[in-house]
Every structure is written in C-alpha cells, then in structure tokens.
Amino acid sequence: QFQIVQKSLDNIEIYFIATSKWDESLEKMIKQKINHKIDSNFKIQFIPVSQLKRELSGKMRVVKSEVS
C-alpha cells in the first residue's frame, strides 16, 4: 500500500507500508519510472509508515496534492 503526496511544485513524498520485498533497487526503479513520466528535477522522497493516513470521511486517497 502507498500514498503519493505532492508537497510543492517540485516535491512529492511517497508514503508506503514496507514489506520484506522492499529494497533500494525497487525504490530506484520507481524513481526512474516517475522521472521518465514527469520532470526529472522533481524531488521524490520515500517514507515508510506503519499505516497510511485516511481522509476525515475514512476514505484512502492514493494521490493527494497539498499545493494550493
């Protein structure tokens, strides 16, 4: 499970629940695929969490923007 949060115009954070399959090579591959689709100057941070934040409604948003 994961959640992508755009923090600014050039910064996204990817919150994820880590499994035993997670390693740095997987993180590198994901970054490469994202940078291929969007601006390669985008800062991408991976942040492991024990659970993902839900909206007040209880729904889980996979992609969220905090840019106003």
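Visitor: What pattern does the protein chain follow, read along the sequence?
Guide: The pattern is β-β-α-β-β. Keep in mind that this is a predicted model.

Visitor: How many helices and strands is that?
Guide: The protein chain has one helix and four strands.

Visitor: And what does the C-alpha trace span?
Guide: About 35 × 35 × 15 Å along its principal axes.

Visitor: Let's look at β2. Is it enclosed or open?
Guide: Strand β2 covers residues 11–16. Six of its six residues are buried, so β2 is largely enclosed by the rest of the structure.

Visitor: Which way do its residues point?
Guide: Asn 11, Glu 13 and Tyr 15 point one way from β2. Ile 12, Ile 14 and Phe 16 point the other way.

Visitor: What about β1 and β2: parallel or antiparallel?
Guide: Antiparallel, over six bridges. Strand β1 is residues 2–8. A hairpin of two residues joins β1 to β2.

Visitor: Which residue stands opposite Glu 13?
Guide: Val 5 does.

Visitor: And how do β2 and β3 run?
Guide: They run parallel, joined by six bridges. Strand β3 is residues 43–48. There, Pro 48 is the bridge partner of Phe 16.

Visitor: Which residues make up the largest nonpolar core?
Guide: Seven residues: Ile 12, Ile 14, Phe 16, Ile 34, Phe 42, Ile 44 and Phe 46.

Visitor: Pick Phe 42. What does it touch?
Guide: Leaving out residues up to four places away in sequence, Phe 42 touches Gln 6, Leu 9, Asp 10, Asn 11, Ile 12 and Asn 35.

Visitor: How much of the whole chain is buried?
Guide: Of the 68 residues, 19% count as buried.

Visitor: Which residues make the nonpolar surface patch?
Guide: Phe 2, Val 62 and Val 63 make a patch of about 270 Å².

Visitor: Where is Val 62?
Guide: Val 62 sits in the loop between β3 and β4, and β4 is residues 63–65.

Visitor: Why is Val 62 called partly exposed?
Guide: Because its relative accessible area is 40%. Partly exposed lies between the buried limit, under 20%, and the exposed limit, over 50%.

Visitor: Last one, on contacts. What share comes from residues 24 or more positions apart?
Guide: They account for 61% of the contacts with a separation of 6 or more.

Terms used
Residues numbered from 1 in each chain as written. Predicted model: local features only at pLDDT ≥ 70, side-chain atom pairs only at ≥ 80, totals over all residues. Heavy atoms only, no water. Buried < 20%, exposed > 50% of the residue type's maximum accessible area, 1.4 Å probe, protein only. Pairing = 2+ DSSP bridges. Core = buried A, V, L, I, M, F, W, Y, C linked by side-chain atoms within 4.5 Å. Contact = heavy atoms within 4.5 Å. Patch = residues over 30% accessible without salt bridge, like charges linked within 9 Å, V, L, I, M, F, W, Y side chains within 5 Å. Areas by Shrake-Rupley, 256 points an atom, 1.4 Å probe, with all protein chains shown as cover. Salt bridge = Lys/Arg side-chain N within 4 Å of Asp/Glu carboxyl O.
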